[in-house]
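Dear colleague,

I am passing on the structure below, together with some notes on what turned up when I went through it. Please keep it open beside you as you read.

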Amino acid sequence: MVTIEVDSEFEDFDALLSLLHRTFNFMDGRINPPSSLHRLDADGLRQKSKDETLLLAKSGELLVGCLFVRKQGDAVYLGKLAIDEDFRGKGLARQFIDVATMIAGQWSCKKLEVETRVELHENQA
């Protein structure tokens with residue numbers, strides 16, 4: 001069973017960085033400019049988690065997904081959505097969106113905002 005939660009005690013930013021690199025590596029060589037992920041290290045992710053809300057998906061203790069959310073004007077911006085390949089197709093992205101929608105309500109935001117690169121046709125679909 002996979003759970004999605006805000007874990008304020010989370011400290012394994014090396015594992016989070018590894019998850020992000022594994023799930024975003026398909027973009028290398030396809031997008032220009034390159035992903036901002038290449039400018040992040042574990043300390044940068046730690047800081048990002050202080051500036052934004054980090055949602056984590058875990059199967060037991062295994063980190064299998066993440067999503068950063070932040071208030072941006074009257075919207076909640078969704079960034080760095082990543083799901084481990086072995087856990088795709090199981091509805092985790094939908095669960096992340098549902099949690100982000102609840103957060104948007106708590107923050108009195110009426111919309112979610114997400115961006116994708118024009119080169120990533122499969123993400124746009």
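Predicted model: local features only at pLDDT ≥ 70, side-chain atom pairs only at ≥ 80, totals over all residues.

The five strands form an open sheet in the order S1-S2-S3-S4-S5, and the pairing within it is mixed. Strand S1 (2-6) and strand S5 (111-113) are its edges, each of them pairing on one side only. On average, and with direction ignored, neighbouring strands of this sheet are turned by 25° against each other. Helix H3, made of residues 92-106, packs on the sheet and touches S1, S2, strand S3 (62-72), strand S4 (75-83) and S5, while its direction makes an angle of about 155° with that of S4.

Going through the pairs in turn, S1 and S2 run antiparallel and are joined by five bridges, one of which can be located by Ile4, whose bridge partner in S2 is Ala57. S2 and S3 also pair in the antiparallel sense, here over seven bridges, and Leu54 has Phe68 in S3 as its bridge partner. These two strands, S2 and S3, form a hairpin with two residues between them, and in the turn Gly60 has a positive phi of about 65°. For S3 and S4, which run antiparallel, there are seven bridges, and Cys66 stands opposite Ala82 in S4. The hairpin of S3 and S4 likewise has two residues between the strands, and Gly73 takes a positive phi near 65° there.

The second largest pocket

The second largest pocket holds about 160 Å³ of space. Its lining is made up of Val6, Asp7, Ser8, Phe10, Glu11, Phe13, Arg46, Ser49, Lys50, Glu52, Thr53 and Leu54, which by class comes to four nonpolar, three polar and five charged residues. Helix H2 (42-51) and strand S2 (53-59) each supply at least two residues of this lining, and H2 gives the most, with three.

One of the lining residues, Glu52, sits in the loop between H2 and S2. Is Glu52 buried or exposed? Its relative accessibility is 14%, so Glu52 counts as buried, the cut-off for that class being under 20%. If residues up to four places away in sequence are left aside, Glu52 touches Phe68, Val69 and Arg70. Phe68 has already come up above, as the bridge partner of Leu54, and Leu54 is itself among the residues that line the pocket.

Ser108, which is not a glycine either, has a positive phi of about 60° and is placed in the loop between H3 and S5. Which side of the cut-offs does Ser108 fall on, buried or exposed? With a relative accessible area of 64%, Ser108 is exposed, since that class begins over 50%.

With best wishes

How values were computed. Residues numbered from 1 in each chain as written. Heavy atoms only, no water. 1 Å grid on protein atoms, 1.4 Å probe; cavity = no way out; pocket = protein on both sides within 12 Å on 5 of 7 lines; lining within 4 Å. Points joined across faces, edges and corners; volume = space filled by probe spheres on them. Helix = DSSP H or I, 4+ residues; strand = E, 2+ residues; numbered from the N terminus. Nonpolar A, V, L, I, M, F, W, Y, C, P; charged D, E, K, R; others polar. Pairing = 2+ DSSP bridges. Axes fitted to C-alpha atoms, helices over the stretch in contact; angles between N-to-C directions. Contact = heavy atoms within 4.5 Å. Buried < 20%, exposed > 50% of the residue type's maximum accessible area, 1.4 Å probe, protein only.
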